[in-house]
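This briefing walks through one structure, topic by topic. Keep the sequence and the 3D view open as you read.

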Amino acid sequence: MAATSRFAWALTVLVLAVAAGPVVAAEPLHEQIDRLIEAKLPSAPAPVADDAQFLRRVYLDLLGRIPSPEEARAFLADQSADKRARLIEQLLAAPEFPWRMAHVLDDWLMERRTAQGISRQQWLEYLRRAVEEGKPLNWLLGELLRADQNTPAEAAAFLLARGAEPNAVTRDVGRVVFGVDLQCAQCHDHPDIDDYTQDVYYGLFAFYTRTGLFTDRKTKKTFLTEKAEGEASYTSVFDSSIKKERVLPCPPGGKPLADPKLSKEELYLVPPAKGVQPVPRYSRRARLAQVIEEGSNLWFRRNVANRLWAMMMGRGLVHPVDYFHGDNPPSHPKLLDLLADYLLQNGFDLRDFLRQLALSRTYQRSSLPPKTLPAEMLAPELFAVGQLKPLRAEQLAWSVMEATGTSTTTREALRSRFLRDPKMRDIFQLDAKRAVLLDRMVQQELARRMDGNVKVFVREFAPPSGEPQDQFHATAGQALFMNNGNLIRAWLVPRSANLTGRLLKIKDTDKLAEELYLSVLTRRPDPGERQAVAEYLKGREKDRAAAIQEMAWALLCSVEFRFNH
Amino acid sequence: MKCRYACGSPEHALHRRKFLGALAGITGLGTVGFFTRPAVAKELQKRQKHMLVIYLAGGVSQLESWDPKPGTDTGGPFRAIPTSVPGVHISELLPHTAKQMHRMALVRSLNTKNSDHGMGHYQMTHGRNRGGLNVPHVGSLVNRLLHPQDCPLPGFIHVGRNGDIKDAGYLGPQYGSLGLPSGGPPAGIARPKGLSVEADLRRHGFLRKVNDHFLAQRRSAETEAYTYSYEQALRLMEQRHVFEVDREPEKLREAYGTHPFGRHCLLARRLIEHGVTYVQVNHTNYDTHHENFDFHIEQLGEFDRTFATLLEDLASRGLLEHTLVVVMSEFGRTPRINVRLGRDHWGRAWSVALAGCGIQHGAVVGKTNKNGTAVTEREVDHGHLFHTYLQALGLDSLGTVNVNGRELPVADPSREPIEELLA
C-alpha cells in the first residue's frame, strides 16, 4: 500500500515538475514553494487542511485571534471555489492585521525589550503605522539601523533598547538583521562554526564603535550620537598573537566598506563640543542602513524570508532562525534563495509575501497526519504536515476574549455606538475608504479597552523580555491562572450576549454542542463530541449554567485551543 | 499507525525529562541535555538530592561570623569561640552554630573581586560574572536536572521573596522560581469561591477527554509540557498543607523561632521533606554601613539559633545527608571599620559556610591574613563554589548543556570544584 502510494506520489511530482518546467517565470511564488517543498518529499504529504482548520490557522496568523462564530459560519457556508484566497485578501486588508504584525515585528526585532524614552505603546504604534502604510521591510529595518536626525524618533528604539552599547548592538544586529549569532566571536573565533570569526564580528562591530548615547543637559533626554573617528580592533583571548589593529566595517556576507577620505577639518558637520550633539559628515551607521535599504545583501534577505516563513510555517528553513552558518544548512536551499530574491524583486512587501505563503498548499497542510503517513514524514523540516504552533501571549489573550464573547460583544457595541449618530453613519457609508476608517476606529478603541486584559496574559504567558520570543513554556503557575484566576472566571459568568449566556439559552443539547465548539474551537463537533456534551449535561438540569461553564472552561484550556494547528 | 510521540511505555514515565530533552532539538523547545554522571545517575534515582541556600542579604560580615580576627585593628569588639571541631573558632555571635560545626565546612578564602550588590547576588547564585550568556540560577539548573517529574511540588522555591522567571535564564521559565514572599502558600493555589473540588475535577475530566481526542495523532514535547502543567497545578492545589508551618509541633516552632526567618527556615525544611529540590531562604539587613556591630548582634542572634536548629532538625530526620546547605551573601564586609562604626562592601577576602550532602565534616578551606585584609591561602571565587555545589549534588560540573542545539558549559570552564570540600 505504502509502496504504491509512494510511487503514485513520485509520478505526480514528476508530472508537475515537467509541466512547470518551461513556464517557471510566470509561475506564482506560492506554486513554486509547493513545487520545491514537494520535490523533496519521499511520499505524499498530509492533505490540505479542511476549511475549519484553515480558517482558524489563518485568522490566528494574520489577525492574531480566532474567528468569531459568525465569521466562522459565514466562511464554512461559503461554497465558492476561491473562498480561501478571498479570505486571505480580506484578512490582509483588515484593521487588525497591522496590530497583529506589530507584535510579530516586535517579537522579532525587540524581543519585548523597551527603550529609554520611548514607550512601548509608541513603539508598537510606529510598527503598526509602518505595516498599515505598507512600508517595505528593508526600509523599516534600515530606518532602525540608521536612527538619526532624518528618521522618526521611535526608530531609535532598536538601538536605545540595547543601550547603544556596540557589543550588544553587534550581537543583536547580527541575530535579528542577518540571522547570525556572533556572540562567541566577540572574544575568539567560534570554536565549532567556521563562518563565525572575529573578523566577521568586528567587521559588523566597526559600524557601531562610533555610536554612543548623548544626554541633553536641559531636557535630560537621551539620544543616539555618533563620532567621526574610532576604529574596531581585536585580540583573541585564546592566542594573543591573533589580533588586528584596525578592522574595516563590513556587513556579514558583504564586502568591506572603507570610509571616504576626509581631512580633519571635514570630519564633522557639527563638531563635538561640550553639551553639543556632534554630527559626522560620514556616518558608518547610515552606511550600514544603506546596505539594508538597497536590499542586495543576501544574508539579510535570507534572514527576512526565513523569519517570516518560520512565523507562518512554525519552523524556519534555517532552524533556529538566528543560526545561519555552513554546518547548519537550510532544509531547502533553493527555496530560501527563491524567497530571498522574491523579496528583493517585490520591494520587501510584507503583505504580498505573506499572501504568497498563505496561498501555498504547504501552509495549508493539515496538522492531522493521515494514519497511513510514514513516521519519517513527520520530521518538521519536511513541511509535509501542518505544525503545531503555540499561541503567543497576545494571540492567546485575544482568542480567549473572542471565544468567551468578551471582545466580540464590545466590538459590536462600539460599532453601533459609532453609527448611532445618523450623520456619522452617512459619512462612514460614503465610500469604501471611510468604511475602513470605521473599522479602524472600532479596532483602536477595542484594543484600548482590552489592553489591561492583554497585559495580564503577557505577564503570565510571555517569555521574559530580551529573550527569543519563539520559545514555548508551560508552567503550573499558568495552569493555576487558568484554573483559579478571576479573569477567566468572570468571562465565563453568563451574560446576555457572551458565550455562556448564549449557550444557556439553547435548549437543544446538539445545537448547544455545535455553538460551543464553533465558538471556542472554530469547528463543528463530531458525533462522539456531541454525545460527550449531552452526557455532561445529563442530570445537570438544576445547575445547567455551571455545567456549561465547566465545559467552556475545559475547551479553553485544551491543547487544541492553546496551539495553532 | 501510531504516532511516534504517542507513548504509554514505562520507559516514558521513568525518563520523561530525558524524553522531553531529546525532543527539544526537534521542536525548538529550549531545554538542556542530560549530563548527570552515569555512575551517579543510578544513585540519584535511589535518593533525590536537595539544595538549601540561606541567603544573608546585604552582605554578612565574615569577621563577625566565620573568620573572626579578635584583637587586631580590624577585629571589632567580639571574641572568637571554640566549636565542636577542635581548633576551629568562629565568632562568639554564633554560639549555637558553633556546636554544629562538626556537620559543617567553611571556605575562608573567597575573592570575588566585586562590591556591587546586584553583581554579587548574581555571581554567588549563577557561578559567573554577569554579561554575555543568560546562564541560569543554580536553583533553575538543579530544578531542571534533579527535580523528579512525579513530585507534586515545584523544584525551585524562594521563601521570603518574589519568584522571578528570569532566574531560569536560557533554560526557560518553567525552571524558574516560585516565590513565597510572605512565607505562606503560593498565589493562585486556592480555588475561587463557588468552585468545589468536585466540580473542578469534573471539568478536568472533560478537559482530558477533549485533549485525548486532539492528541491521538498530534502529540509533541510541547503538547506534553502543556497538558502536564495542568496535572502539576492540580497536584499543587492538593499540597497546600505543606506550606502550613503551624502544623509543626509548638516546641519545634519555638526552637526555630517565631520570627519570619525562623518560620521560613521551618517551611524550608518542610518543603525539602516533601521533595522540593532547591529552596532559598532570605534573611535581610546585613548591609551594615552604620552600626555594624549592633546590627550583627541583632541579626546573627536571630540567625544563630534558627540555623543551628535547622541543621539539627535536618540531621535528625536523615535529610542533611542528601541536602546541601549553603550560607552565602553577595559579599563580605570591609575589614576597615568606618567612622560610623560600620563596615562597607567587600568581596576580596570573605567566607561562606556549607553543610550536608557529602560536604567534608569540619573542613576549613583557605586562610586570610592576620587582620583579614587579604587571602593568603587557597584563593577561590564564586566559580569554584558553583562547581562544588554541582559536584556535591552528584552532577558533572565540567559537562555541557545543550540549548537548542548549542552546547554550553554548565559551569565556568575556567574554574574547577574545591576537592577538599567533597567527601
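Domain bounds here come from an automatic or database domain assignment. The model is predicted. On that basis, chain A splits into domain 1 (135–348), domain 2 (389–467) and domain 3 (492–565).

**Domains 2 and 3 of chain A**

- The C-alpha centres of domain 2 of chain A and domain 3 of chain A are 24 Å apart.
- Their contact draws 9 residues from domain 2 of chain A and 11 residues from domain 3 of chain A.
- On the domain 2 side, β7 (389–390), α17 (393–403) and α18 (406–420) of chain A each give two or more residues.
- By class, that side of domain 2 of chain A has 4 nonpolar, 4 polar and 1 charged residues.

**Where chain A meets chain B**

- Chain A puts 47 residues into the contact, and chain B puts in 43 residues.
- On the chain A side, α21 (476–484), α25 (527–537), α26 (544–556) and α27 (559–562) each supply at least two residues.
- α21(A) gives the most to this side, with 8 residues.
- The chain A side divides into 26 nonpolar, 14 polar and 7 charged residues.

**The largest nonpolar core**

- The largest nonpolar core holds 242 residues.
- Val279(B), Leu324(B), Leu354(B), Tyr389(B) and Leu393(B) touch the most other members.
- Helix α13 (residues 298–313) of chain A contributes the largest share of this core, 9 residues.
- What does Leu393(B) contact beyond its neighbours within four places in sequence? Its partners are Lys49(B), Met51(B), Val142(B), Leu146(B), Leu324(B) and Cys357(B).
- In soluble globular proteins, nonpolar side chains tend to be buried together.

**Helix α11 of chain A**

- Is helix α11 (residues 198–205) of chain A largely enclosed or largely open? It is largely enclosed by the rest of the structure, because 7 of its 8 residues are buried.
- The buried residues are Gln198(A), Val200(A), Tyr201(A), Tyr202(A), Gly203(A), Leu204(A) and Phe205(A).
- Their cover includes α10, β3 (232–235) and β4 (243–247) of chain A.

**Val177(A) in helix α10**

- Val177(A) sits in helix α10 (residues 166–178) of chain A.
- Val177(A) counts as buried because it has 25 C-beta neighbours inside 10 Å, and the cut-off for buried is 20 or more.
- Leaving out residues up to four places away in sequence, Val177(A) touches Leu141(A), Ile292(A), Phe300(A) and Asn303(A).
- Val177(A) and Leu388(A) are 211 residues apart in sequence, and their C-alpha atoms are 26 Å apart in space.

**Backbone points to check**

- A cis peptide bond links His319(A) to Pro320(A), with omega about -5°.
- Pro320(A) lies in the loop between α13 and α14 (333–345) of chain A.
- Glu111(A) is not a glycine, yet its phi is positive, near 50°.
- Glu111(A) belongs to the loop between α6 (96–109) and α7 (120–132) of chain A.
- Glu111(A) counts as partly exposed because it has 19 C-beta neighbours inside 10 Å.
- Asn285(B) also is not a glycine and has a positive phi, about 80°.
- Asn285(B) is in the loop between β7 (278–283) and α11 (292–316) of chain B.
- With 14 C-beta neighbours inside 10 Å, Asn285(B) counts as partly exposed.

Note on methods
Residues are numbered from 1 along each chain as its sequence is written. Chains are lettered from A and ligands numbered from 1 in the order in which they are written. This is a predicted model: local features need pLDDT of at least 70, side-chain atom pairs count only at pLDDT 80 or more; totals for chains, interfaces and linings use all residues. A nonpolar core is a set of buried Ala, Val, Leu, Ile, Met, Phe, Trp, Tyr and Cys residues joined through C-beta atoms within 7 Å. A residue is buried if 20 or more other C-beta atoms lie within 10 Å of its own, exposed if 12 or fewer, and partly exposed in between; C-beta atoms are placed from the backbone. Helices (H or I, at least four residues) and strands (E, at least two) are DSSP runs, numbered from the N terminus. Two residues are in contact if their C-beta atoms, placed from the backbone, lie within 7 Å. Ala, Val, Leu, Ile, Met, Phe, Trp, Tyr, Cys and Pro count as nonpolar, Asp, Glu, Lys and Arg as charged, and the others, Gly among them, as polar.
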